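This briefing covers two interfaces in the structure shown below.

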Number of protein chains: 2
Amino acid sequence: MDKRIGLQTVVFQQPPVILSHASIVGPKEGQGPLGHVFDKVLEDMYYGESTWEKAEQKVFLETMELALAKAELTSADIDYLLAGDLTNQIITANFTARSLAIPFIGLYGACSTMYESLALGAMLIDGGYARYVLVGASSHYATAERQFRYPTEQGVQRSMSAQRTVTGAGAIVLGYQGTGPRITHATIGKVIDFGQSDASDMGSAMAPAAAATLLQHLSDRQISPDCYSMIATGDLGKYGRELVVKLCEQQQVQLSSNYTDCGILIFDESQDTHAGGSGCGCSAVVTCGHLLPELEQGRLTSLLGIGTGALLSPCSSQQGETIPGIAHAVVIEAN
Amino acid sequence: MDKRIGLQTVVFQQPPVILSHASIVGPKEGQGPLGHVFDKVLEDMYYGESTWEKAEQKVFLETMELALAKAELTSADIDYLLAGDLTNQIITANFTARSLAIPFIGLYGACSTMYESLALGAMLIDGGYARYVLVGASSHYATAERQFRYPTEQGVQRSMSAQRTVTGAGAIVLGYQGTGPRITHATIGKVIDFGQSDASDMGSAMAPAAAATLLQHLSDRQISPDCYSMIATGDLGKYGRELVVKLCEQQQVQLSSNYTDCGILIFDESQDTHAGGSGCGCSAVVTCGHLLPELEQGRLTSLLGIGTGALLSPCSSQQGETIPGIAHAVVIEAN
């Protein structure tokens with residue numbers, strides 16, 4: 001059966017259910033406006049480990065285990081683990097997969113990974129390849145800064161367009177049946193590059209991809225943005241969100257107050273986080289900690305979540321490349 | 001419909017067809033025993049570009065375009081591109097996806113990526129989410145060496161257990177109908193770690209994962225290894241292959257002459273490549289250039305291909321971690 005509608009969207013015949021979700025964040029995220037919604041807030045960035053990378057792995061594993069426990073499942077019940085992160089060779093996800101011993105599909109979609117994993121996970125269940133899938137994404141401020149930009153010890157001053165990588169991980173258990181919000185559609189995005197090359201303004205680099213996926217999704221479903229009670233991009237921050245609104249306007253699509261961005265929601269301007277939050281963990285923890293409970297508790301009836309990723313590396317930037325973006329959208333409807 | 005059999009294997013109801021395949025390799029691979037089977041052999045490692053990374057991207061894009069042309073399709077016909085490589089943040093795949101403008105699912109499975117992409121691509125078609133999928137993987141000796149080990153200019157002496165990263169890319173067009181070999185089953189592997197920590201002996205680090213996936217696959221299908229006309233692991237090389245044979249023997253499963261490894265096939269011992277070939281490109285080019293034509297021309301009736309990946313990073317090794325492995329298996333049957 002052909003489940004494609006329009007050019008890039010698929011519709012699920014038996015919409016996979018979000019059985020549980022978990023999120024753990026760092027201290028700074030815990031002090032932000034959403035601080036109270038997460039399952040756990042770290043007291044420091046090392047979390048009892050000797051390196052930030054090991055801390056990130058510990059956080060990711062604990063988040064995954066918490067999601068499993070909430071769903072009253074064990075790793076033996078899960079058919080696939082789909083996960084990724086920002087570290088080179090996605091070691092956070094790899095070592096978490098080693099601990100969990102679930103058949104593992106490693107993903108790299110930069111900060112779009114949470115929604116890449118949700119879209120693929122839903123396809124694997126709806127397609128009959130799995131009954132339960134565990135998906136998730138992770139980032140850590142200190143592991144990302146020293147890998148992508150400067151060692152944090154250096155204290156480099158950040159530009160106002162810069163965003164702060166979220167320390168945190170989100171995990172979701174998807175099931176073929178049960179009670180909970182359901183994933184009804186997914187739109188996988190293309191890589192879009194408007195020629196932006198400033199690694200201190202990733203929001204603007206990703207915004208064209210977010211707008212492209214959003215517009216394609218609306219066109220494929222032949223609906224308008226107000227059909228969703230909320231549209232949330234992943235980590236565009238203040239400037240990226242503005243650019244998405246403008247790019248949609250150019251195509252005669254008006255976004256209104258139902259459009260927000262996880263990177264804007266997670267930090268308060270008083271926290272000196274400039275344009276907002278970013279990183280794989282940003283959309284992961286805001287989705288798991290805030291948006292899904294809004295759906296579960298009836299304050300939202302439908303969500304169009306759009307994970308956004310900047311597909312650069314320090315090497316590509318040093319070799320003069322611009323920064324391509326990607327965005328994957330998933331529709332989640334309240335039960 | 002539940003398409004799972006056993007614990008980790010899925011069976012396709014409408015087996016996706018391999019419509020075309022392409023492979024381009026570097027000069028050293030062109031001088032090897034399979035040199036005559038590839039679509040193109042580079043004259044040098046730069047391929048007219050200013051950096052090895054840009055050369056790798058050019059090779060990957062050209063391989064993808066060649067596979068499309070052979071299938072008499074354009075990028076607009078393709079529903080998804082599934083690809084990955086070894087560079088940090090998989091920039092080879094990202095920039096190739098930018099050029100092709102196909103909805104893109106970025107993967108990281110280290111050297112198992114070709115088979116990860118084949119397994120997932122087959123699920124997307126058989127599940128009804130796509131009619132055509134383009135999959136592929138790439139590696140480049142010089143980009144991998146300087147990123148994972150030492151700058152090649154340094155001329156570090158390699159141990160006899162070391163393998164040589166293959167310069168090359170492979171791409172396959174999968175379709176929902178047509179003529180060609182068919183993907184009938186897939187087995188997604190778990191991350192397995194036997195505590196090996198020598199980054200100069202990746203074959204031994206990956207062998208336990210290869211054996212685990214192979215044994216699980218045989219158990220899930222309740223068949224013996226001689227049911228396949230060939231079993232080929234991805235890039236275990238000489239020592240890794242020996243270890244797989246031993247590990248299977250311990251479980252009373254005898255592998256015979258129908259078991260080979262792409263890393264052994266691609267180089268000749270006279271080429272000073274020590275334990276054999278490795279890298280995402282290894283299983284990709286041997287599968288596309290050698291194994292698929294063997295199926296198409298009737299010299300093989302069925303292939304169990306097992307992509308193998310070592311999930312380390314320089315950072316994880318420096319922080320004292322051992323090297324986990326992963327292996328994904330796909331069954332391809334002659335038309």
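A salt bridge here is a side-chain nitrogen of Lys or Arg within 4 Å of a carboxyl oxygen of Asp or Glu. By that rule, Lys54(B) and Glu321(A) form a salt bridge, with their closest N and O atoms 3.6 Å apart. The model is predicted.

**Chain A against chain B**

- The contact joins 61 residues of chain A to 61 residues of chain B.
- About 4,900 Å² is buried between chain A and chain B, and carbon and sulfur atoms give 58% of that area.
- On the chain A side, the residues that lose the most area to chain B are Gln89(A), Arg98(A) and Tyr129(A), which together make up 16% of what that side buries.
- Between chain A and chain B the count is 8 salt bridges.
- Polar contacts across this interface number 36 residue pairs, both residues being at pLDDT 80 or more.
- Two or more residues of the chain A side come from each of several elements, among them helix H2 (52-70), helix H3 (91-100), strand E6 (104-106), helix H10 (314-318) and strand E15 (325-333) of chain A.
- By residue class, the side of chain A that touches chain B has 30 nonpolar, 17 polar and 14 charged residues.

**The two domains of chain A**

- Chain A is divided into domain 1, covering 4-175, and domain 2, covering 182-333.
- The C-alpha centres of domain 1 and domain 2 of chain A are 17 Å apart.
- Domain 1 of chain A brings 60 residues to the contact, and domain 2 of chain A brings 65.

**Domain 1 against domain 2 in chain A**

- The area buried between domain 1 and domain 2 of chain A is about 4,900 Å², with 63% of it from carbon and sulfur atoms.
- Within domain 1 of chain A, Gln8(A), Tyr115(A) and Gln163(A) lose the most area to domain 2, together 18% of what that side buries.
- The salt bridge count between domain 1 and domain 2 of chain A is 0.
- Residue pairs in polar contact across this domain interface number 26, both residues being at pLDDT 80 or more.
- Elements that each supply at least two residues of the domain 1 side include strand E3 (17-25), helix H4 (113-126), strand E7 (132-139), helix H5 (141-148) and strand E9 (168-175) of chain A.
- H4(A) gives the most to that side, with 8 residues.
- The side of domain 1 of chain A that touches domain 2 divides into 34 nonpolar, 19 polar and 7 charged residues.

How values were computed
Residues numbered from 1 in each chain as written. Chains lettered and ligands numbered in written order. Predicted model: local features only at pLDDT ≥ 70, side-chain atom pairs only at ≥ 80, totals over all residues. Heavy atoms only, no water. Domains from an automatic or database assignment. Contact = heavy atoms within 4.5 Å. Buried area = accessible area lost by both parts, 1.4 Å probe. Polar contact = N/O pair within 3.5 Å; in protein donor to acceptor, adjacent residues only side chain to side chain. Helix = DSSP H or I, 4+ residues; strand = E, 2+ residues; numbered from the N terminus. Nonpolar A, V, L, I, M, F, W, Y, C, P; charged D, E, K, R; others polar.
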